[in-house]
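Here is a short report for a first look at this structure. Please keep the view open while reading.

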Amino acid sequence: MVATVPRARRSWAGWRFVGPFMAVFALVFLAPIAYSIYLSLFRTQLIGGTAFVGADNYLKALADPLFWSAFGNVAVFLVVQVPIMLFLALLVALAIDSGRLYGASFFRIAVFLPYAVPAVVATLMWAFMYGTRFGLVANLSDLLGVRLPDPLSADLILASLGNVVTWEFVGYNMLILYSALRVVNPSLYEAAEIDGASQFRIIVAIKLPALRGALLIATIFSIIGSFQLFNEPAILKNLAPNAITSSFTPNYYAYTLSFAGQQYNYSATVAIVMGVITMIIAYAVQLRGMRKEV
Amino acid sequence: MTITRRRALLAGAALSVSLIATACGSPGDGGQGAAPAQSTSATDQEAALNAGGTITVWAWEPTLKQVVTGFQAKYPKVKVNLVNAGTGDDQYTALQNAIKAGSGVPDVAQIEYYALPQFALSKSVTDLTPFGADKLEGTFTPGPWNSVRSGTGIYGLPMDSGPMALFYNKDVFDKHDIKVPETWEEYIEAARKLHKADPKAYITSDTGDAGFTTSMIWQAGGKPYQVDGTKVAIDFADEGTRKFTAAWQQLISEKLLAPINGWSDEWYKGLGDGTIATLVIGAWMPANFESGVKAASGKWRVAPMPQWESGGKATSENGGSSLAVPEASANKALAYAFMKYAGVDEGVQTRLDAGAFPATTAHLNAAEFKDKKFPYFGDQQVNQVLAEAAAQVVPGWSYLPYQVYANSVFNDSVGKAYISSTTLDDGLKAWQDASVKYGQEQGFSVQ
C-alpha cells in the first residue's frame, strides 16, 4: 500500500498554513531554549574568559545547596499556598454559581479584580500594609495595644508572600472553575431537584465531578506559577533585605547569578534544571489527574 | 494520541515559561572589545564641544542637575540627557546588562570607587589616559585618585569623596541631655541612654549595609581584603574587624538600632522626625540632607567620627563616586569633556554650592569652601569638620575587584546577624566564604 503512493505527489500546502506559526514558535520558544542550553555548556570567568565545560554546570547545580534551599522554599509554598488558594477559588465559584447570591456579577468582578492589578503594584500595596512601623500592621498594633508579629520577619515572610499571591490569583482560578460550572447541563440540576437532592448533594454529585478537568488545569498552572515565584519576593526584598536572600526562590537565584554575579552560564543552567523539574512535576500531576478521569 | 500531544505541549509550555526568564538575562557577548583605540587631545575635545551632539549620563548624584544646566549654557550645541538609572547596585546591574547587551549604554556613568575596579578589570570602561587624564594627578586628593587608577590606566575622574563624619540631630541630643560621643564607647552609651529615654528613638538605623560595614572596619584599622592583581586574600578575623564587631554586636543585641532600611521613605522620615538621631556617613551627605530631609532643617550638626581610642584621629572613606566612560560609548571625546567640566572645571563649584563634597585639592583647601556656613546645619561651618576628616583617612585599604557582587550577597550572610541569633563575626565569616567561592569561580587565586 505504502509503496503505491508516488513521492512527487507529496504536498507542502499544509506547511504554508502552519509556517507563520512555526516561525514565531521557533523564534520565541525554541530559540531561547536552545540558546539557554547552549549557554549552559560554557563558563565565562572574569579572569580566563569563556571555556566549554560540558555538563559541569549541571553537576554543580544539582549539588548546590543554595539552589536546593530555593527549591525547598517554593516547594513549601506550593504545598501550603496552592491548596488554600484553590479551595478559596472553589468556594467562591460555587457560591457565585449557586444562583442564591445577591449581586453575583458584582462579586464575580470584585473577586477577579486583583488579578488585573499588576503583581508589582499588588506587592507594593501589601508591603505598605505589612509595615510594622507605619503600615496597617502598625496601626492595628497601636489600636489593639498589642505587638503583632512582623509579617516581614524571616519566619513569616513565606506566609506573607503566600497571602499576596493568594489575593492575586483566587479570582483568576475562580473564573476557570466558574466557567467550567457554567457548561454543566441545567437539566441535571432539574433532575436532581425532582429527586429531592439537597444543594450539598448537588455539589458533591454533579458540580465537583464536572470541575475535575478545570481543577486539574488550575492546579498545573499554580504549580508552574509557584515554581516561577519572582516578582513578589523581588519587590519585598527592598523591605526585608535580610529575610529574603538573593537565592530565595530558584528564579530569584537565577536572577542574582546573572544580574549581580555576571554568571550567565550558570544562571541558564539553574533555569533549565528548574524548568525540567517543573515539567516533571506538572506532568506527574497531570498523569494522576488523567487516571482519575478514566 | 491527542492526549499525548496535549501533555507534551503542556509540559513544553512549562519548560519554556521557565526559560524565558533566563533568555532575557543572557544576551550574547556583542559590543565588547570592539571599540578601536583612540587618542584625543584637548583640541579634539574642544572640536567635539563646538560640533555639539547628545550624550547620555547615568547618575543619581543630586547636584549634577545644576552642572548639566551650566554645561549646556556654556556649550549650547551639546545636549546632555541626565538619567537616574537607580542608586548604587541597581545602576551597576543596569549598566552591566546594557554593556553586555551592547545597546542602551550611556556615554558617562557614575560609578562608586568600590565598584570601579570591577568595571576596569572587565574593560567595560575606557582608559582615560589618551584623553589626558594622566595629567590630572595632583588635582585630586590621594584617596579618590588612587581609587580611579588601576595598573597604568585611569578609569574614571573622581567626582566627590566621602570621608566619614558623625551627623547628629542636635535637638534630640539636647532634649535628652546627651553628650556628642567622641569614642565608640560613648556612642554605645549614648545609644542606650537615648533609647531608654524615648523607646521610639534610636541612635541610628542599620539593617545590614555592606558599604557601611566595610567603612567601619576600615576606620578600625582592619584590612580584610588584600588584592594584588588577580591574587586576592580575604580575612574578616583581623584585629580591626574584631574591634568593630565587638562594638556593633552590642548595639544589635540590645536592639538599639532602628530596623529601618537605608534610603527608604521611612528612613528619610526617621531622619526628619528624630527617630534616627545620628548617621555615621560620608561627607557627601549634606546635599542629600538638604534635598531629602527638609523637615529637619536647622536641627542637624556635624561632628568628627567617633574614635576607637580616646583622642584618636582616624576616619575612612564611605562611598564617593567617579564618573567613567563606558567602552561602548559612541561619543567619548564629548563624554570626557563633560566629565572634566563636572569634576575639574566650573562644574565643581556648581556642585559645591549645592552642598556636594569635592575630591579636588584646590577646592578642599579654599578658604571660601571651608568657611561656608550651612543654614541647614544651623550655620555651622560643616566643611571644616569634613575637610579635616578627609585628611585623616586610614591608608592601605582596598576593595575586592568584584566588590559589586560581594555587596549584593552581603545581606544573605551578614544580614542574618540582624534578624537572628547569628553573630556579626559568624555572618562576616559566611560572607568571606561566599566571596572566596565567587572569586575562585571567576578565576582569581583566592586565599
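Which residues of H5(A) are buried? They are A:Ala122, A:Thr123, A:Trp126, A:Ala127 and A:Tyr130. A residue is buried if 20 or more other C-beta atoms lie within 10 Å of its own, exposed if 12 or fewer, and partly exposed in between, with C-beta atoms placed from the backbone.

## Ground rules

This is a predicted model: local features need pLDDT of at least 70, side-chain atom pairs count only at pLDDT 80 or more, and totals for chains, interfaces and linings use all residues. Residues are numbered from 1 along each chain as its sequence is written, while chains are lettered from A and ligands numbered from 1 in the order in which they are written.

Helices (H or I, at least four residues) and strands (E, at least two) are DSSP runs, numbered from the N terminus. Two residues are in contact if their C-beta atoms, placed from the backbone, lie within 7 Å.

## Helix H5 of chain A

H5(A) covers residues 119-130. Its 12 residues should span 16 Å at 1.5 Å a residue, and its end C-alpha atoms are 16 Å apart, which agrees. The expected span is 1.5 Å times one less than the number of residues.

Seen down the axis of H5(A), the buried residues fall within an arc of 135°, so they line one face of the helix. The arc is that of the directions from the helix axis to the C-beta atoms. An α-helix has 3.6 residues a turn, so residues three or four places apart point the same way. The face turned away from the buried side carries the exposed residues A:Val120 and A:Val121. The cover over the buried residues of H5(A) includes helices H4 (104-116), H6 (136-144), H7 (157-182) and H10 (231-236) of chain A.

## Where the chains meet

How many residues of chain A are in contact with chain B? There are 45, and they meet 40 residues of chain B. Four helices of chain A each supply at least two residues of the side that touches chain B: H1 (13-40), H9 (199-227), H11 (250-260) and H12 (264-293). The largest share, 13 residues, comes from H12(A).

By class, this side of chain A has 27 nonpolar, 17 polar and 1 charged residues. Ala, Val, Leu, Ile, Met, Phe, Trp, Tyr, Cys and Pro count as nonpolar, Asp, Glu, Lys and Arg as charged, and the others, Gly among them, as polar.

## Helices of chain B

H8(B) (residues 184-197) and H10(B) (residues 239-253) pack at an angle of about 0°, with axes 11 Å apart. Axes are lines fitted to C-alpha atoms, for helices over the stretch in contact, and angles run from 0 to 180 degrees between N-to-C directions. H8(B) and H10(B) are therefore roughly parallel to each other, a term for angles under 35 degrees. B:Trp184, B:Ile188 and B:Ala191 of H8(B) meet B:Ala247, B:Gln250 and B:Leu251 of H10(B). This contact has 5 nonpolar, 1 polar and no charged residues.

H17(B) (residues 382-390) has 7 of its 9 residues buried, so it is largely enclosed by the rest of the structure. Those buried residues are B:Val382, B:Asn383, B:Val385, B:Leu386, B:Ala387, B:Ala389 and B:Ala390. They pack against strands S7 (164-169) and S13 (300-304), and against helices H12 (285-292), H15 (361-365) and H16 (367-370), of chain B.

B:Ser316 lies in the loop between S13 and strand S14 (321-324) of chain B. With 25 C-beta neighbours inside 10 Å, B:Ser316 counts as buried. B:Ser316 and B:Val394 are 78 residues apart along the chain, yet their C-alpha atoms are separated by 5.9 Å. B:Ile55, in strand S1 (residues 53-58) of chain B, is buried with 24 other C-beta atoms within 10 Å. Beyond four places in sequence, the contacts of B:Ile55 include B:Val80, B:Asp107 and B:Phe338.

Is B:Asp177 buried or exposed? B:Asp177 is exposed, with 8 other C-beta atoms within 10 Å. B:Asp177 sits in the loop between helix H7 (170-175) and H8 of chain B. Its phi is positive, about 55°, although B:Asp177 is not a glycine. B:Trp263 also has a positive phi, near 70°. B:Trp263 counts as partly exposed, with 14 C-beta neighbours inside 10 Å.

Terms used. Parallel < 35°, antiparallel > 145°, perpendicular 65-115°, else oblique.
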